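Here's a quick briefing to read alongside the structure. Have the 3D view open and follow along.

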Amino acid sequence: MSDLHQPVLTWYAEHQRDLPWRRPGTTAWSVMVSEFMLQQTPVARVLPVHEAWLERWPTPTSLADEPAGEAVRAWGRLGYPRRALRLHAAATVIRDEHGGAVPSTYDALIALPGVGDYTAAAIASFAFGRRHVVLDTNVRRVLARTLAGVEFPAPAVTKAERELATSVLPDTDDEAATWAVATMELGAVVCTAARAACERCPVTDLCAWHAAGRPAYDGPARKVQDYAGTDRQCRGRLLGVVRDADQPVPRGRLDAAWHLAEQRDRALAGLLADGLLVEPEPGFYALP
């Protein structure tokens, strides 16, 4: 057993946040919905949407039985709305090929639309207690600091990083699943990107980065996401107009929503290509 295990697991037992997808008795579908919603979105923004989603669609089949556009509408302003389409597509496969039950194995999960390595491992681990390396941004940062002695991990997961994470994965399924969520929580609330609260960390005395004097990151430039004035903001503005309407929206209302014509045209074309909008008749736009 790694020396890190016990202090991290004990800390998590005492300090974990009360989140609906972690509560005893939660469904695998609740976990799956949370994993889709939490991609690049803070917990505080996800909580009310997750609750409303599960009230309306308590099972994958209940979502799959409605048009994909309703998923986009209910997604609201969480951002990256293609996630809603992918979640609807995954729910449809679960209904049609898995008897309406979220599959429990990594291989079956990763075959679903919109599910990559991290999401498959997270659902298998958090919903079914399986033993997997779960590498989200928070886990990667905790392991980079405690084990590799660097402030931040590489921009993308490397083979060496995965091997290092595997080397400290607990042997039993239950402990490995708890380790995954515990290291994730530690990175989310203590060992954060903005500030490492070493004074509150249960493994400060075992942390290679802290022991080295917390050297500043000197790797490739870290990606900083802008939003204001971007195509993403323009897409969100146009999609919001359609999402909030009960009927197909005429082109003129979209033209009024964004002042730069070239960027607006590009964003609208992208929304149509991605399947987030449809044109039921020339010059009018609606959710799919």
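In which helix does Arg 235 lie? Arg 235 lies in helix α13, where helices (H or I, at least four residues) and strands (E, at least two) are DSSP runs, numbered from the N terminus. Before we go on, note that this is a predicted model, in which local features need pLDDT of at least 70, side-chain atom pairs count only at pLDDT 80 or more, and totals for chains, interfaces and linings use all residues. Residues are numbered from 1 along each chain as its sequence is written, and side-chain values use heavy atoms, with hydrogens and water left out.

- Arg 235 has 17% relative accessibility, so it counts as buried (buried means under 20% relative accessible area, exposed over 50%, partly exposed in between, with a 1.4 Å probe and protein chains only).
- Not counting residues up to four places away in sequence, Arg 235 touches Arg 82, Ala 267, Gly 270, Leu 271, Asp 274 and Leu 276 (contact means heavy atoms within 4.5 Å).
- Arg 243 is also found in α13, which covers residues 231-243.
- Arg 243 is buried because its relative accessibility is 7%.
- If you leave aside neighbours within four places in sequence, the contacts of Arg 243 are Val 72, Arg 73, Gly 76, Arg 77 and Leu 287.

**The chain as a whole**

- The protein chain has 15 helices and 3 strands.
- Along the principal axes, the C-alpha atoms fill a box of roughly 65 × 45 × 30 Å.
- Of the 288 residues, 46% count as buried.
- Take the contacts between residues at least 6 apart in sequence: 62% of them join residues at least 24 apart.

**Helix α2 and the cores**

- Helix α2 (residues 28-37) is mostly covered, with 10 of its 10 residues buried.
- Among the buried residues of α2 are Trp 29, Met 32, Val 33 and Phe 36.
- The buried residues of α2 pack against α3 (43-56), α4 (60-64), α5 (68-75), α6 (82-97) and α8 (117-128).
- The largest nonpolar core has 51 residues, and Trp 29, Met 32, Trp 53, Leu 87 and Leu 238 have the most contacts inside it (a nonpolar core is a set of buried Ala, Val, Leu, Ile, Met, Phe, Trp, Tyr and Cys residues joined through side-chain atoms within 4.5 Å).
- Apart from that core lies another, of 29 residues, among them Leu 4, Leu 135, Leu 143 and Leu 169.
- Leaving aside neighbours within four places in sequence, Leu 87 is in contact with Trp 29, Met 32, Val 33, Phe 36, Trp 53, Leu 63 and Trp 75.

- Most residues other than glycine have a negative phi.
- Tyr 80 isn't a glycine, yet its phi is positive, near 45 degrees.
- You'll find Tyr 80 in the loop between α5 and α6, and it is partly exposed because its relative accessible area is 24%.
- Arg 214 is not a glycine either, and its phi is positive at about 55 degrees.
- The place to look for Arg 214 is the loop between α12 (208-211) and α13.
- Arg 214 has 35% relative accessibility, so it counts as partly exposed.
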